[in-house]
Amino acid sequence: MSHFIVKSAHTAEDCKMAVKHFREHHANFLTHYLWGCYDNDHTAYAFVDAETHEEAKMTVPPLFRDKAVVTKLVSFDPKKKTDSMHEG
């Protein structure tokens with residue numbers, strides 16, 4: 001299982017519709033998302049544990065899924081001298 005951040009952006013004009021759509025069609029995930037709307041950042045954010053990017057993206061309702069961005073997150077162990085991506 002991997003950790004991902006899922007970002008689902010919507011416009012200010014679509015804000016009420018986005019929350020309503022989450023509530024009506026994906027209510028089980030509505031509370032898993034954090035919303036930046038009150039700070040004029042019309043994006044819903046979630047930290048998701050999933051096997052793949054695609055599985056993490058499935059937490060976004062279909063109406064917004066195409067525009068969603070999923071990023072795999074990792075942590076680094078300070079005891080390890082190197083890692084495969086940052087060697088050198």
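**Burial, exposure and pairing in the model**

Author: His42 is placed in the loop between S2 and S3. The model discussed here is a predicted one.

Reader: Why is His42 called buried?

Author: The relative accessible area of His42 is 15%. Buried means under 20%, so at 15% His42 is classed as buried.

Reader: Which residues does His42 touch, not counting those up to four places away in sequence?

Author: The contacts of His42, with that exclusion, are Ser8, Ala9, His10, Thr11, Ala12, Cys15 and Cys37.

Reader: What makes Asp14 partly exposed?

Author: Asp14 belongs to the loop between S1 and H1. Its relative accessibility is 28%. The partly exposed class lies between the limits of under 20% for buried and over 50% for exposed, and therefore Asp14, at 28%, falls into that class. The C-alpha atoms of Asp14 and His42 are 8.8 Å apart, although 28 residues separate the two along the chain.

Reader: Why does Phe47 count as exposed?

Author: Phe47 is part of strand S3, which covers residues 43-50. The relative accessibility of Phe47 is 61%. Together with Leu34 and Leu73, Phe47 forms a nonpolar surface patch, with about 320 Å² of accessible area for the three together.

Reader: How do you know that the buried residues of H1 lie on the same side of the helix?

Author: The buried residues in helix H1 (residues 15-25) are Cys15, Ala18, His21 and Phe22. They cover an arc of only 130 degrees around the axis, and therefore they are on the same side of H1. In general, an α-helix has 3.6 residues a turn, so residues three or four places apart point the same way. The buried residues of H1 pack against helix H2 (27-30), S2 and helix H4 (62-65). On the face turned away from the buried side are the exposed residues Lys16, Arg23 and Glu24.

Reader: Why are S2 and S4 described as standing at the edges of the sheet?

Author: The sheet is open and antiparallel, and its four strands follow the order S2-S3-S1-S4. Strands S2 (34-35) and S4 (69-73) each have a single partner strand, so one side of each has no neighbour in the sheet.

Methods: Residues are numbered from 1 along each chain as its sequence is written. This is a predicted model: local features need pLDDT of at least 70, side-chain atom pairs count only at pLDDT 80 or more; totals for chains, interfaces and linings use all residues. Side-chain values use heavy atoms; hydrogens and water are left out. Patches are made of residues with over 30% relative accessible area and no salt bridge: like charges are joined within 9 Å, nonpolar side chains (Val, Leu, Ile, Met, Phe, Trp, Tyr) within 5 Å. Accessible areas come from the Shrake-Rupley method with a 1.4 Å probe; for residues, only the protein chains shown count as cover. A salt bridge is a side-chain nitrogen of Lys or Arg within 4 Å of a carboxyl oxygen of Asp or Glu. Helices (H or I, at least four residues) and strands (E, at least two) are DSSP runs, numbered from the N terminus. Buried means under 20% relative accessible area, exposed over 50%, partly exposed in between (1.4 Å probe, protein chains only). Two strands pair if DSSP finds at least two bridges between them. Contact means heavy atoms within 4.5 Å. The arc is that of the directions from the helix axis to the C-beta atoms.
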